[in-house]
Amino acid sequence: MAVVLTLAFLSCLVSADLIGDLGTALVDIVYTEIYNAFYDLLSGMMDIILDMLIWNPPLSPAYDAWNSVRTVITSIYLVVITFAGLKLMTGTLVGANERSTLKKWVGGSILSLILVNMSFALYEFIIEFNVALSALMFHEPPLSGFLAAVAAFLILMILFTGVVLVVITMLIGRLILVLVGVVFFPIGIFLYYLPPTKRFGKLMCTLMIANIFIQFLEVVCLRIAMDAFGAMGGSFEGTIFNAVFGMAMMMLMLTVPIFAYGLATIGGMILHKTTEIVTNVIPMPVESFRIRGKQ
Amino acid sequence: MRLKHLILLVLISQTANAFNYTNLPELNLTIETPPYEIVWDYNIDQSNAVDEVPLEVKPIDDMPFKNAWIKIMALEKTIHDTETNISVASREGRILVKYDYISTCPPSTYDWDRCRGRRYKLVGWNEELRIYANGEYEGNSKIESYSIPCTENTLELRAELYLEVECKRYSLEEYEINETEYCEEEYDGLRYYDGIIEDSVTYLTSDMYPEANLTFKAIAENPFEASKGILTVEAKAPYSKLEARIGGKSLTYSGNAYDIEAYLPNYNLLRISTYDLPHIIESNLFSRIYDIRDNTTGEINTTIEFILTYEETKNILSSKNCEITLTDLFQNEVTIENLCEGDWKQTKIETVTNGKIYANGDEIQIRAVLTHEVNPIADKQVLIYYAGDEFSGITDERGMVLLTFTAEYPYNRIDVIFPGEDHYLSSSRTLLIATTGSRLNAIILRILPPLLILLVSIFGIQYMLRFAGVVK
C-alpha cells in the first residue's frame, strides 16, 4: 500500500512540474477559495455560538403538547386518588398499615398534581433563572483574535472548524432538548412521585434541568477562559499560542455538558439535603415516600 | 512545489478522473510575464516565410501601383484585452511592416488605326517606406523602432509606402510620304508618376494612473482581537501584477493570465491576449481580494480585505510601512507609498445598565461611554438595538449617552454600536439581560442567585467540616 501511495505521489509530482506555473496558479485559486470558505464558515459559526449562548427557544410552540401530557397525567392522578379514596372510605377492606400508606399516596399525589400543573411555568422559570445567572456572568467574548490566529494555519483552521461545528451541534441539541423538555418535565415529576419509578423520574428531571443550565455553564466557561487569556495575553502574543488557546477553549466548551450533569447531581444533593432539613421540621407526605422509595 | 499544491493537485486530478474529464485544454497560458520576445521573433519568421496577400487586405491597383498592399503585421509589445476587446501597446517598441506591389506606368492607349495614343515603358522606380508614430516620423525600415512621449495616451502607427516610377513615354505620330499616310511611334521623353499606399493602426497605451487607499475598520488593541482593514486600488488600465506590502506582510496578485492567439489566417501570426484568471501569486497576508472591471472604460477597481493579528497590527502601526506596486502589462512599475499614515483611532464602548433582571415593561436604563484609549469622544451617535427597535443618542462631553427603553419579554440581547465616524473606528458591545414574564418572577430571580450562593456555601462549609472531622 505504501509503495502504491509513494508511486501515486511521485507521478503527481511529475505532472505538477509539467503543468508549471499555470498549474500552480490554478491550485492557488482553488486553495484560496477553500481557505476563504473555511474562514467564512468559521466566522459565521463563531457568531452562531455567541447567539446560541444568549438565546433560548420560546416555549409557546410546545404548549399544546405539554397540555396534552398534563391532561393525561392529571387523569391518571384522578384515577389514583379516586381509587385510594374509595379504599379509605371502605376502611374495612384495608389494614391500618395499608391505610397509612394510602394516605401518604394521596398526599404525595396532590403535591405532584400541583407540580405537574405548574410544570410549564416552573420550567419557564428555570429557564429564566438560567438566563438571569448567565446575564450576571456574561461578558461579550471578543473572539476575532483567535480566528485571525487560527487562520494562519489551514490545518488548524480545519480542525478548529470541526470542533466549533461539534460545539454548535451540541448547542443545537441543547436547544431542541430545552424545547422538548417542557413536554417531558411533567412526566419526570409524575414518575418522581411514583415510588416504583422514582429513580427514573429523578434522572429525567436532573437531565432536563442540567440541559437548561448548560448555557449558563458555557457562559461561565467562556468568561473564565477569556479572563485567563487576558491575564496571560500580555506575555503570550504569539499566533500559535492564540490559535491553540482558541482551540482549547472550544474543547473546554465541549466538556461543559459533562460538568453540567455533574453539577446537576451535586445540585440534586444540595436540594436533597435542604428537603431533608425542611421535612424534619415540617413532616410532609413526600418525605415518607422518599424514605419508602429508598427502602 | 509546495505541499498544498501537491495535495490539491491530487484532489483536482482525482476529481477530474472521477468525472471522466480527460479532455483537459492545452495549458498554453502563461502566468507571470507575457512572452513578448518569443511572439515577436515568431512573427518576424512567419512574416518572412509567407509570401501572400494577407487575407483581410484588399490589393490596390492605382497608379503607379499594381496589386499593391501594405500591412502593419505586428507590434513587439501589444496585448489584446479580451475583456474590453481593445488592444493596448507600450509607448516604446518595434513595428513590423510588410508590403508588396508591382510598379507600373500608365497603360498603353495606342490606336494604330487612328494613329493616336501613348505608350509607356517602365524604366525605373524609387520606393520609400515611412513609419510614423502619432504623426512623428520614426524611420523607413520594415522593422522599425518607435516611441511616443509619456503625455500621449493613444498610439497611432502609420506605415506609408511612397513610390515614384520613371516611365518613358511614346506617342504615335502621323506623317505623309508621297501622299501616303504613315503612323510611327516616337519617343516623347521621360515621365514621372508617384503614389502612396498606407496602413494605420491605433492602440491605447496602458496608463494605469493608480490610486490607492488603505483604511482600517477595526484595530486590535489586545491579543483577543483582530484588526480588519481594506485596501482599495483603482487603475485606469489593467495591470499584470499588484503587490501590496502591509508591514511585514505582503500579497502579490494578478487579475490576468496571458494567452496566445493566432490572427491573420494565411500568415498565422500570433498575438498575446489577456485571459481572465484572478489569482494570488504569493501571499502571507490573510486577505480576501476581488476586483471589479468596467468593460467599457477598462477601469479596474481592486479591493483587498485583510485581517491582522494584534502582533502584526502593532508592527504595522509602529513602522507605518504600507505600500503597493502596480506593474502594468508591459512590466512598467508604479509604486504608491505611505498608505498607513492615517490617524485611526480605535474606539471602545463601555456600558452600564440599571440592572440585569427585568420584568416585562420595566424600564431599562443604559449608559454607554464612548472612549478612545481613556479620552471620551463627544458628539458622536451611538446606536442601540433591542427587541427589533433602534434607539440612538449623541455622546456628551464625557463621551456618555444615556438611553431608556422598555424591557420586552423574552428579548434579552442588547447591542450597543458606534458605527464609526471620521478617523474614529467603529466599536460595539453586546449585553445580556434577563427578562421575565411577571414582576414576581423578576423579584424571585433577583433573590435566587445570592440564595443559591448561600446554600452552596453552607453545603460546602458543612462538607469541609465533616471532611476535617470537626463535626460528624
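Modeller: Let's begin with A:Q215, which counts as buried because its relative accessible area is 2%; the cut-offs are under 20% for buried, over 50% for exposed and partly exposed in between, with a 1.4 Å probe and protein chains only. Bear in mind that this is a predicted model, where local features need pLDDT of at least 70 and side-chain atom pairs pLDDT 80 or more, while totals for chains, interfaces and linings use all residues. Residues are numbered from 1 along each chain as its sequence is written, chains are lettered from A and ligands numbered from 1 in the order written, and side-chain values use heavy atoms, without hydrogens and water.

A:Q215 sits in helix α6 of chain A, residues 198–233 (helices are DSSP runs of H or I with at least four residues, strands runs of E with at least two, numbered from the N terminus). Its side chain reaches the backbone oxygen of A:M52 at 3.1 Å. That is a polar contact: N or O atoms within 3.5 Å, where within protein one must be able to donate a hydrogen and the other to accept it, and residues adjacent in sequence count only if both atoms are side-chain atoms. Setting aside residues up to four places away in sequence, A:Q215 touches A:M52, A:L53, A:I54, A:W55, A:N56, A:N130, A:S134 and A:R174, contact being heavy atoms within 4.5 Å.

Now for the sheet, over in chain B. Strand β17 (residues 322–328) has seven of its seven residues buried. B:C322, B:I324, B:L326 and B:D328 point one way from β17(B), with B:E323, B:T325 and B:T327 pointing the other way. Strand β12 of chain B (residues 239–246) runs antiparallel to β17(B), and seven bridges join them; strands pair if DSSP finds at least two bridges between them. In that pairing B:K241 stands opposite B:T327. β17(B) also pairs with β18(B), residues 333–336, again in the antiparallel sense, over four bridges, and here B:T325 faces B:T335. β17(B) and β18(B) make a hairpin with four residues between them, and in the turn B:Q331 has a positive phi of about 70 degrees.

Helix α3 of chain B (residues 310–319) has B:Y310, B:E312, B:T313 and B:I316 as its buried residues. They lie on the same side of α3(B), because they cover an arc of only 155 degrees around the axis, taken from the directions from the helix axis to the C-beta atoms. An α-helix has 3.6 residues a turn, so residues three or four places apart point the same way. The cover over that side includes β11 (227–235), β12, β13 (249–263), β16 (300–308) and β17 of chain B. Just after α3(B), B:K320 takes a positive phi of about 55 degrees.

B:S283 belongs to strand β14 of chain B, residues 269–283. It counts as partly exposed because its relative accessibility is 32%. A polar atom of the B:S283 side chain lies 3.0 Å from the backbone oxygen of B:L285. Apart from neighbours within four places in sequence, B:S283 is in contact with B:S250 and B:L251. Its C-alpha is 20 Å from that of B:S319, 36 residues away along the chain.

Then there are the charges: 27 salt bridges over all chains, each a side-chain nitrogen of Lys or Arg within 4 Å of a carboxyl oxygen of Asp or Glu. In one of them B:E185 meets B:R119, with the closest N and O atoms 2.7 Å apart. B:E185 is in strand β9(B), residues 180–205, and B:R119 in strand β5(B), residues 118–133, so the pair ties together parts that are 66 residues apart in sequence. B:E185 is partly exposed at 31%, and B:R119 is partly exposed at 25%. Another salt bridge joins B:K380 and B:D422 at 3.7 Å, N to O. B:K380 comes from the loop between β22 and β23 of chain B, and B:D422 from the loop between β26 and β27, 42 residues apart. B:K380 is buried at 9%, whereas B:D422 is exposed at 65%. There is also a salt-bridge network linking B:E128, B:R130, B:R158, B:E160 and B:E198.
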